[in-house]
Amino acid sequence: MTLSITVNGKRHQVDASPETPLLYVLRDDLGLNGAKYGCGLGQCGACTVQLDGKAIFSCITPVSAVGDRPVRTVEGLGTVDRMSPLQQAFRDEQAAQCGYCIAGMIMRAQALLDADPRPDEAKIRAHMQTNLCRCGTHMRILRAIRRVAGLPSDGAAA
Amino acid sequence: MNLDRRQLLAGGGLLVAFSMAGHGLAQLAGGGEGGAAPRPVRPDLPGSLKSNPVLDSWVHIAPDGRITVFSGKAELGQGIRTALLQVAAEELDVPPGAIDLVTADTARTPDEGLTAGSHSMQDGGTAIANACANVRMLLTRTAAKRWRAAADMLTTNGKAQVTAPDGRSLGYGALAADLSLHVEAIPNAPRRDPRHYRTLGHDLPRVDIPAKLTGGAAYVQDLRLPGMLHARVVRGPSYGTRLAKPQLDRARKMPGVVAVIENGRFTAVVAEKEWQAIQAMRVAQDSDYVRDLPLLPVAEGPHRLQKLPTREIQVLDTHDGAKPVWKTVRGSYSRPWYSHGSIGPSCAVALAKDGGLTLWSHSQGVFDMHRAVAELVGLPPEKVRCIHTPSAGCYGQNGADDVTAEAGLIAMALPGRPIRLQWMREQEFGWEPCGCGMVTRVEAAIGPDKRIAHWTYEVWSNSHNNRPVGAGGYAVAQEISPGFPAPPPKPIPMPEGDGDRNANPLYVFPNMDVRYHFVPEMPLRVSALRSLGAHLNVFTIESVLDELALAGGVDPLAFRLAHMQDARARAVMIEATNRFGWAKRPRGDGRRGCGMAFARYKNIGAYCAIAMEIEVERETGAITVHRVQAAVDAGQPASPDGIRNQVEGGILQSLSWATREAVTYDATRRTSFDWGSYPILRFEEVPGSVAVHVMDRPGDPFLGAGETAQGPTSAALANAIADATGARLRDMPLTPEVVKAAIGV
């Protein structure tokens with residue numbers, strides 16, 4: 001069936017069965033790479049996007065549940081030439097190894113910073129707890145988020 | 001060496017001697033893993049130039065000055081693309097942006113064997129450095145000829161130009177037009193002076209990161225070829241099982257299903273859209289399963305290995321005369337089977353067209369793969385092209401090879417349509433080769449002089465190298481009909497070793513008896529996981545050193561230094577502990593404690609010392625790591641920040657292995673199939689701080705650093721727990737339950 005969703009400020013008509021996870025609509029119908037398949041179970045966060053400003057797991061969110069609420073993916077933050085402050089912070093900290101988790105990390109962290117531009121260290125760690133990184137890039141990811149949150153780089157509050 | 005000499009060798013007896021001498025070198029191209037890389041034809045050349053000595057297989061310069069560099073090594077998330085680019089830019093003396101780097105493509109790049117074993121900088125980086133130094137030398141000579149000047153009066157300026165003292169300059173593009181690079185390298189082309197490095201040793205931002213931050217097409221998962229179909233394999237819950245009655249007729253009727261592939265017991269569904277393929281797979285898998293292999297060792301865990309037949313390998317047997325014994329320490333150590341735990345399940349794209357097969361794969365061994373898949377699908381190897389395309393970090397042999405072979409089989413059944421196959425999360429956990437469960441046993445003693453008097457060490461392990469070098473190495477090879485038998489497992493010989501990797505201490509101990517009980521029979525499917533056996537061997541050795549130091553009343557750092565003669569090993573231990581503040585560290589008080597550990601990876605790679613401070617919550621056994629300080633000597637660093645990134649990652653991954661990870665199973669199947677049943681370290685559990693100091697070693701040979709932290713980190717943790725609580729924990733994972741039980745709260 002034809003469904004209508006708004007992604008990164010743009011309205012799209014997609015042909016998908018209503019139970020299709022948003023992840024597959026983003027990747028296969030809209031050709032977006034940012035959200036990744038990691039587990040399909042909402043356990044790893046590689047598929048994280050924002051729905052109405054909140055970080056959600058797109059792998060367990062049926063496209064029919066999206067309705068009129070806006071979806072934002074990492075592609076909606078910035079581009080290689082015009083990165084958002086958080087993307088730029090990830091670049092400055094070289095906060096990626098394989099990078100497969102990173103788009104999800106950025107979208108989850110952005111949701112926190114949108115709601116609370118000055119979170120403390122404990123709040124950042126608790127908020128990021130849902131997202132897995134297997135390369136062990138956590139210390140750099142935390143530094144990148146601190147950079148935008150205006151916290152000292154070493155996370156002295158930890 | 002010029003072509004004439006090569007021809008002379010090919011016709012003469014010298015060739016035999018050279019290829020014999022080279023055989024051992026060839027085996028070690030990827031840390032001894034995978035198949036033999038191509039035979040060395042020029043053993044006098046450094047790194048991978050030995051087997052690919054002709055310069056134009058490494059470097060091409062177009063008339064417009066655009067430079068292409070070719071490498072057989074693959075980007076696995078370790079940053080090798082950027083490091084190799086830095087090496088090439090430095091030795092060509094051009095800006096990094098002037099170079100296009102082509103990596104690991106069987107149709108385009110030199111065969112450098114596997115990207116594994118921390119060999120990429122040592123072999124691939126060294127080859128590119130010397131190939132580019134050769135090219136810079138030839139460009140300079142060409143300019144000298146054109147200007148009728150002496151070559152040693154000319155220089156390069158970092159901008160892809162040769163310059164003369166009078167200010168004249170010529171671009172590389174113009175010079176290359178007069179120059180054939182279809183010549184063999186010489187072994188001693190002048191390298192750039194480390195004092196004047198423009199790129200090497202500097203923190204060049206990684207070239208692959210911007211796309212990964214912005215949703216660029218960065219992974220094999222992101223390939224979208226015209227007409228591409230999506231496939232899923234239909235399988236039992238884990239390796240060694242099959243579905244009793246897969247519901248294929250029901251799957252065929254599902255929306256979007258294009259084909260159901262059946263070949264022996266291998267079954268896959270193919271659909272127009274990915275979600276349709278997943279739904280069809282779920283329907284098809286609605287079946288009980290049957291186990292075809294021996295039952296899993298539920299009660300014994302890795303100690304099962306000690307009851308299986310072994311092949312005995314004597315690693316060390318030294319006799320220095322009996323020394324008086326004062327105190328003796330005995331212990332058995334173990335680790336469980338681990339999952340690689342890649343965040344992205346394995347994925348490949350395959351296209352059968354015009355009698356050939358093209359594979360886009362994140363395998364570490366595309367060169368082995370194009371031969372092995374050719375055998376599997378019945379094509380000549382030259383008809384199979386394999387292009388490495390990045391994916392989530394693999395840390396060893398995960399499902400990358402299997403999923404590519406399976407995509408290849410599906411594509412051969414549906415020629416003309418690109419096939420994208422991705423494993424599901426539970427298939428990755430269930431079917432990938434695990435990191436080996438292992439057991440060690442030690443008896444060691446100190447004399448009245450507080451020095452080690454004798455050292456007896458045993459390790460039990462399966463092969464860590466079951467990478468497919470022929471069709472039989474893929475799990476699917478035993479499912480299809482007719483199938484291919486799995487090849488017999490083999491250990492990797494020292495100095496690389498596999499189960500015995502780092503079982504030979506770098507320390508100077510007298511009277512050493514080190515044995516590797518190699519166990520061919522594999523209770524679980526296993527292959528390479530980052531650092532292979534070095535993880536448990538270093539964990540064991542460094543734990544025992546602390547036990548002996550405690551018995552002798554000697555500080556753990558002083559005890560190590562007393563047994564270490566290698567100056568670079570001493571230097572990293574001193575650097576890490578100085579930066580940590582070892583002398584003034586808080587002493588174990590029941591809760592807080594500090595530990596250190598050291599290893600040189602394989603005794604031939606990078607040196608790594610770790611010190612850490614932890615706290616144990618006695619009521620729960622939970623461990624908090626407050627701070628970690630590492631020092632690493634990787635020779636000349638290409639990018640110090642690249643090394644820091646790798647070592648930080650290794651530290652966190654090793655902490656995760658040591659504190660919480662274990663593949664679980666019942667008698668018939670693996671039961672860790674998701675992140676709930678296979679938990680790994682999350683943000684609230686990572687250390688308060690991690691600092692990695694990279695030693696400055698200008699111009700020294702590259703030493704692979706990607707795996708160097710795995711052993712020392714787990715060992716430093718166990719030593720810190722022992723310092724904090726008095727409890728020596730020997731069997732990983734050191735979960736809160738284990739810690740709590742050991743401290744008897």
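Two residues are taken to be in contact here if their C-beta atoms, placed from the backbone, lie within 7 Å. With that in hand, here are some notes on this predicted model.

1. Let's start where the chains meet. The contact draws 49 residues from chain B and 51 residues from chain A. On the chain B side, helix 6 (209–214), helix 8 (274–284), helix 15 (640–660) and strand 24 (689–694) each supply at least two residues. Helix 15 of chain B gives the most to this side, with eight residues.

2. What is the make-up, by class, of the side of chain B that touches chain A? This side has 19 nonpolar, 18 polar and twelve charged residues.

3. The domain assignment gives domain 1 (3–209), domain 2 (220–291 + 340–431) and domain 3 (438–464 + 499–743) of chain B. Please note that domain 2 and domain 3 are each written as two segments.

4. Now for how domain 1 and domain 2 of chain B meet. Their C-alpha centres lie 36 Å apart, and the contact takes 17 residues from domain 1 of chain B and 13 residues from domain 2 of chain B. The domain 1 side of this contact has six nonpolar, eight polar and three charged residues.

5. Three of its strands form an open sheet in the order 1-2-3, with mixed pairing. Strand 1 (59–61) and strand 3 (99–103) of chain B are the edge strands, each pairing on one side only. From one strand to the next, the twist averages 20°.

6. Within that sheet, strand 2 (residues 67–71) and strand 3 of chain B run parallel and are joined by five bridges. A handy place to begin is I67(B), whose bridge partner in strand 3 of chain B is I99(B). Helix 3 (residues 80–92) of chain B lies across strand 2 and strand 3 of chain B, and runs at about 135° to strand 3 of chain B.

7. Over in chain A, have a look at a helix pair. Helix 2 (residues 85–92) and helix 3 (residues 102–115) of chain A pack at an angle of about 130°, with their axes 10 Å apart. Helix 2 of chain A is therefore oblique to helix 3 of chain A. The crossing of these two chain A helices is right-handed.

8. Which residues of helix 2 of chain A meet helix 3 of chain A? They are L86(A), Q87(A) and F90(A), and they meet I102(A), I106(A), A109(A), Q110(A) and L113(A) in helix 3 of chain A. By class, the residues of this contact are six nonpolar, two polar and no charged.

Key:
Residues are numbered from 1 along each chain as its sequence is written. Chains are lettered from A and ligands numbered from 1 in the order in which they are written. This is a predicted model: local features need pLDDT of at least 70, side-chain atom pairs count only at pLDDT 80 or more; totals for chains, interfaces and linings use all residues. Two strands pair if DSSP finds at least two bridges between them. Helices (H or I, at least four residues) and strands (E, at least two) are DSSP runs, numbered from the N terminus. Axes are lines fitted to C-alpha atoms, for helices over the stretch in contact, and angles run from 0 to 180 degrees between N-to-C directions. Ala, Val, Leu, Ile, Met, Phe, Trp, Tyr, Cys and Pro count as nonpolar, Asp, Glu, Lys and Arg as charged, and the others, Gly among them, as polar. Angles under 35 degrees count as roughly parallel, over 145 as roughly antiparallel, 65 to 115 as roughly perpendicular and the rest as oblique. A crossing is left-handed if the near helix is turned anticlockwise from the far one by less than a right angle, and right-handed if clockwise. Domain bounds come from an automatic or database domain assignment.
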